[in-house]
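Here is a short briefing for a reader meeting this structure for the first time. Have the sequence and the model open as you read.

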Amino acid sequence: MSYATGTDARPGDIRVDLQLIANMVAPQARVLDIGCGDGALLHHLTRFKKVDGRGMELSQSGVNACVAQGLSVIQGDADTDLRDYPTAAFDYVILSQTLQATRHPRAVLEEMLRIGRHAIVSFPNFGHWRVRWHLLWHGTMPVTPTLDQPWYATPNIHLCTVHDFEALCRELGIVIERRHAVTAHGTRSAIQSSGGFANLFGAQVVYLLRRR
Amino acid sequence: MNQYKAGNPIGDGQAVTLGAGNPLGLDCGVDLAEFTIAYQTYGALNPARSNAVLICHALTGDQHVASTNPITGKPGWWSVAVGPGLIIDTDKYFVICSNVLGGCMGSTGPKDIDPGTGQPFGLNFPVITIADMVRAQARLLDHLGIEQLFCVIGGSMGGMQVLQWAATYPERVFAAVPIATAARHSAQNIAFHEVGRQAIVADPDWRGGDYLNQGTTPRAGLAVARMAAHITYLSEAALHRKFGRNLQNREKVTFGFEADFQVESYLRHQGSTFVERFDANSYLYITRAMDYFDLATLHGGQLANAFRNTKTRFCSVSFTSDWLFPTVENKAIVHALNAAAANVSFVEVETDKGHDAFLLDEPEFFKTLGGFLNGCAEHRGLNK
């Protein structure tokens with residue numbers, strides 16, 4: 001399930017953050033999509049990138065919807081079920097908008113890069129100016145278009161900023177191959193090179209990672 | 001072939017005698033020189049021979065999956081799912097269902113004549129396993145000229161056969177659907193089977209298994225075995241919804257041991273009708289085959305090893321109220337398939353109908369099965 005709402009998709013298209021993820025995946029790769037929801041990304045990758053795709057999803061309704069459209073998806077939990085997979089079983093392991101909702105994001109990240117040659121991670125950036133402004137001005141937990149739930153209802157229990165995430169990658173010896181920031185309007189941020197700008201203007205960020 | 005009761009169990013289906021000159025080596029060490037497999041087919045095999053679906057029946061099922069059962073006169077046991085335009089579409093697939101080895105609906109089993117003695121086998125029939133049943137089915141496919149099955153589908157003991165098929169003949173199985181099953185029979189399930197077997201053995205009419213020669217039938221024992229087993233196929237919620245504490249055709253309890261309650265009457269009916277269609281010794285042999293099933297031990301204790309390098313696409317299904325083959329048992333299969341990096345889907349279907357849900361019209365289950373089969377058919381080039 002997707003814990004942060006994305007921007008509205010154009011008709012017949014997938015969400016911009018999912019499109020960014022899809023662009024990072026090489027054709028015909030072996031892909032595991034963790035938290036695949038109703039299978040929108042997996043379906044897109046299977047159809048347009050001809051990947052050998054698998055999915056894992058917490059909600060049974062999501063799983064059933066995926067399997068009913070012919071996708072290979074199991075019911076499972078990123079926190080507990082990744083350890084079943086053998087090392088280097090996939091070319092890409094994708095975790096879209098879910099890392100911040102796991103109990104052990106650090107362990108999940110390590111597991112992703114054990115079972116995949118690459119990991120693709122996207123999450124809502126808590127360093128975004130709107131989040132900072134909300135906390136500074138209102139003094140309450142930020143509610144933004146990207147993080148639209150109040151503190152008592154949000155499943156996002158481990159929110160982080162671009163800087164936080166990249167510090168964890170350094171600590172775990174994970175190489176950042178690509179980073180894309182997505183603005184609140186759902187467009188790709190023009191300034192990709194600077195972590196500081198991404199942290200300030202990226203409402204969401206998408207990373208392509210690999211083991212060192 | 002000696003029939004223990006009137007009626008031809010093969011009906012409008014077929015039976016083939018296999019093994020001549022090429023005996024079937026059983027797990028117990030015995031070679032079956034000749035054996036008969038009774039089977040039904042529906043639909044037509046395509047020219048590429050790529051659209052065959054094998055359906056494996058459960059403990060007391062048979063080959064009459066989608067056509068009238070010649071013994072009971074009732075519709076096939078899965079006629080809600082198998083037929084023209086249905087989930088397992090016989091306009092698209094060539095469906096095969098065979099009576100298991102050890103069964104009593106036309107395939108060789110303990111009630112048949114032992115060529116060595118000219119008498120019914122009885123307890124001289126060799127103990128068979130799930131793997132033996134599958135080897136016999138593979139011989140049937142050889143006979144039918146089918147190299148690879150598009151899909152093997154089965155629930156309960158049928159699911160055990162599906163797993164065995166995928167493990168023994170991975171190259172012959174394009175897709176596999178094990179439903180409400182387990183990779184090993186649990187202690188609780190062995191215990192229930194033992195209750196059933198002891199009920200049969202304790203019936204004086206069982207005659208040490210020699211009842212066919214002595215002209216008796218262990219009706220009471222087999223009926224009790226069925227009654228006990230039938231409870232495990234349902235759920236507390238389903239029993240309560242169906243019967244509650246309702247009384248059977250009476251205003252108040254009789255202070256005796258007649259079937260006061262509807263649930264008692266229902267179970268007695270289940271027991272007595274079962275005796276009409278099933279052989280007691282077959283019940284002993286087939287329950288034993290299930291008890292012995294433990295796929296991991298055959299593969300060094302690691303279930304994942306059973307599926308190493310498999311190309312088969314799997315779809316595992318469990319039901320929330322199934323306490324005979326609960327979700328956790330089905331998930332153990334899924335975990336092993338993941339560990340083998342196999343292509344697997346898993347769905348747990350919400351229902352209060354217990355283990356028997358796999359035989360019923362469960363919309364969520366059918367949606368899953370239909371979606372999976374259609375996706376696989378796409379990959380196999382069966383969708384026009």
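Helix H3 of chain A is mostly covered, with 7 of its 9 residues buried. The model is predicted. Its scores are ipTM 0.80 and pTM 0.90.

**Helix H3 of chain A**

- The buried residues of H3(A) are A:Gly62, A:Val63, A:Asn64, A:Ala65, A:Cys66, A:Val67 and A:Ala68.
- Within chain A, the buried residues of H3(A) pack against helix H2 (40-48), strand S2 (52-57) and S3.
- Within chain B, they pack against strand S11 (313-319), strand S12 (343-349) and helix H10 (363-380).
- After H3(A) comes A:Gly70, which has a positive phi, near 90 degrees.

**Where the chains meet**

- Contact between the chains involves 16 residues of chain A and 21 residues of chain B.
- On the chain A side, helix H3 (60-68) and strand S3 (72-75) each supply at least two residues.
- H3(A) gives the largest share of that side, 5 residues.
- By class, the chain A side that touches chain B has 8 nonpolar, 6 polar and 2 charged residues.

**A:Asp33 in chain A**

- A:Asp33 sits in strand S1 (residues 30-34) of chain A.
- Is A:Asp33 buried or exposed? It has 30 other C-beta atoms within 10 Å, so A:Asp33 is buried; the cut-off for buried is 20 or more.
- Leaving out residues up to four places away in sequence, A:Asp33 touches A:Leu41, A:Leu42, A:Gly53, A:Gly55 and A:Ile94.
- A:Asn23 is 10 residues from A:Asp33 in sequence, and their C-alpha atoms are 14 Å apart in space.

**Chain B as a whole**

- Chain B holds 10 helices and 12 strands.
- Its C-alpha trace spans about 65 × 50 × 40 Å along the principal axes.
- A compact globule of 384 residues would have a radius of gyration near 21 Å, and the 20 Å of chain B agrees with that.
- Of the 384 residues in chain B, 51% are buried.
- Take the contacts in chain B between residues at least 6 apart in sequence: 71% of them join residues at least 24 apart.

**Two domains in chain B**

- Chain B divides into domain 1 (14-188 + 294-380) and domain 2 (190-287).
- The centres of the two domains, taken over C-alpha atoms, are 26 Å apart.
- Domain 1 of chain B brings 29 residues to the contact, and domain 2 of chain B brings 21 residues.
- The domain 1 side of this contact has 13 nonpolar, 12 polar and 4 charged residues.

**The largest nonpolar core**

- The largest nonpolar core has 170 residues.
- Which residues touch the most other members of this core? They are B:Val53 and B:Cys151.
- Why does this core lie between domain 1 and domain 2 of chain B? Both domains give residues to the core, so it lies between them.
- Beyond its neighbours within four places in sequence, B:Val53 is in contact with B:Ile88, B:Tyr93, B:Phe94, B:Val95, B:Leu149, B:Phe150, B:Cys151 and B:Ile153.

**Confidence in chain B**

- The average pLDDT of chain B is 95, and 98% of the residues score at least 70.
- Residues 1-6 of chain B have a pLDDT below 50.
- In the model, this stretch has 11 contacts beyond near neighbours in sequence.

Methods. Residues are numbered from 1 along each chain as its sequence is written. Chains are lettered from A and ligands numbered from 1 in the order in which they are written. This is a predicted model: local features need pLDDT of at least 70, side-chain atom pairs count only at pLDDT 80 or more; totals for chains, interfaces and linings use all residues. Two residues are in contact if their C-beta atoms, placed from the backbone, lie within 7 Å. Helices (H or I, at least four residues) and strands (E, at least two) are DSSP runs, numbered from the N terminus. Ala, Val, Leu, Ile, Met, Phe, Trp, Tyr, Cys and Pro count as nonpolar, Asp, Glu, Lys and Arg as charged, and the others, Gly among them, as polar. pLDDT is the predictor's confidence in each residue, from 0 to 100. A nonpolar core is a set of buried Ala, Val, Leu, Ile, Met, Phe, Trp, Tyr and Cys residues joined through C-beta atoms within 7 Å. A residue is buried if 20 or more other C-beta atoms lie within 10 Å of its own, exposed if 12 or fewer, and partly exposed in between; C-beta atoms are placed from the backbone. Domain bounds come from an automatic or database domain assignment. The radius of gyration is taken over C-alpha atoms; the globule rule is 2.2 Å times the number of residues to the power 0.38.
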